[in-house]
Amino acid sequence: MKILTQFFGFVIISFLSYCQTTETDTVYSASVKDKFVITIRKPAGFSAVKKYHHVYMTDGTIGIGEYVLGKSSSWAATIPANCVIIAIGHIGNWHDKRPRDFIPSDISKNVEENFGKADKFYLFLKKELIPKMEKKMPNKKSRAFFGHSFGGLFCLYTLFKPDKLFDYHFAISPSVWANYYELDKIEEQYSKTNNKLKANITLYVGGLEFLNKVLFSTRSFYDTVNKRNYAGLSITKNEINNANHFSIRKPAVDKIFEILKNK
């Protein structure tokens with residue numbers, strides 16, 4: 001019976017992966033001065049006349065990207081029928097490029113060649129990638145963004161930019177501690193001149209992440225932002241017991257898709 005269950009599970013995942021179409025392209029960013037792999041995954045039955053949530057995500061070639069894009073038959077997410085995934089992946093040495101693109105340095109100006117250039121990656125999204133995607137798929141219901149670890153940090157960083165690129169923000173195990181808590185400094189500066197923050201934020205953090213500073217820094221960020229009483233803000237924190245920095249990825253992504261499925 002167990003073998004049959006595993007077999008039919010494999011067949012179902014394979015069928016869903018087959019029905020959900022995937023397109024991949026390489027895009028050069030003038031802002032970052034580097035190339036990215038952009039993978040678009042559309043749900044089964046995609047129609048150009050229907051409206052969909054455009055769900056942008058980091059790490060399209062590793063980690064959560066492998067799960068969301070269905071690169072493994074035993075580890076493949078099912079995309080909600082009302083969502084289009086736009087996954088951004090690095091080419092080459094992602095160990096260096098992730099801290100370059102996802103860690104901010106707006107206040108401290110602590111920036112190096114491969115560190116602290118989140119502002120450039122933000123411009124890539126704003127001026128290059130989002131216009132390109134919305135020209136290709138003009139029927140947009142909303143924009144959402146999610147990322148894990150440094151990607152989750154970048155997700156929260158976008159909150160304090162004036163453009164408000166995204167309607168929904170999902171940060172999984174965000175590295176709020178990075179660059180000496182630079183994000184907290186950015187939020188504090190924002191609070192001095194703003195009493196509004198129109199945003200819908202959902203945080204996910206593992207109960208076992210107390211050893212890597214993620215649990216503490218995420219709790220601290222949540223508490224600080226909550227106490228500001230920003231007008232227009234909706235913020236939720238979900239602590240997943242017995243989850244570490246890596247095992248949190250699948251349940252968090254599944255919860256994100258469950259939320260978007262009902263939007």
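**Note on helix α7 and the overall fold**

1. Helix α7, formed by residues 214-228, contains 15 residues and spans 21 Å between its first and last C-alpha atoms, close to the 21 Å expected at 1.5 Å a residue. The model under discussion is predicted.

2. Several positions of α7 are buried: Val214, Leu215, Ser217, Thr218, Phe221, Tyr222 and Val225. An α-helix has 3.6 residues a turn, so residues three or four places apart point the same way.

3. Against which elements do the buried residues of α7 pack? Their partners are the helices α5 (150-157) and α6 (178-193), together with the strands β7 (196-206) and β8 (231-240). Just after α7, Asn229 adopts a positive phi of about 60°.

4. Turning to the whole protein, there are 8 helices and 8 strands. The radius of gyration is 18 Å, close to the 18 Å that the globule rule gives for 263 residues, so the protein is as compact as a globular protein of that length. Along the principal axes, the C-alpha atoms occupy a box of roughly 55 × 40 × 35 Å.

5. Of the 263 residues, 49% are buried. When contacts between residues at least 6 apart in sequence are considered, 73% of them link residues at least 24 apart.

6. The accessible surface of the protein amounts to about 12600 Å², and carbon and sulfur atoms account for 54% of that area.

Methods. Residues are numbered from 1 along each chain as its sequence is written. This is a predicted model: local features need pLDDT of at least 70, side-chain atom pairs count only at pLDDT 80 or more; totals for chains, interfaces and linings use all residues. Side-chain values use heavy atoms; hydrogens and water are left out. Helices (H or I, at least four residues) and strands (E, at least two) are DSSP runs, numbered from the N terminus. The radius of gyration is taken over C-alpha atoms; the globule rule is 2.2 Å times the number of residues to the power 0.38. Buried means under 20% relative accessible area, exposed over 50%, partly exposed in between (1.4 Å probe, protein chains only). Contact means heavy atoms within 4.5 Å. Accessible areas come from the Shrake-Rupley method with a 1.4 Å probe; for residues, only the protein chains shown count as cover. The expected span of a helix is 1.5 Å times one less than its number of residues.
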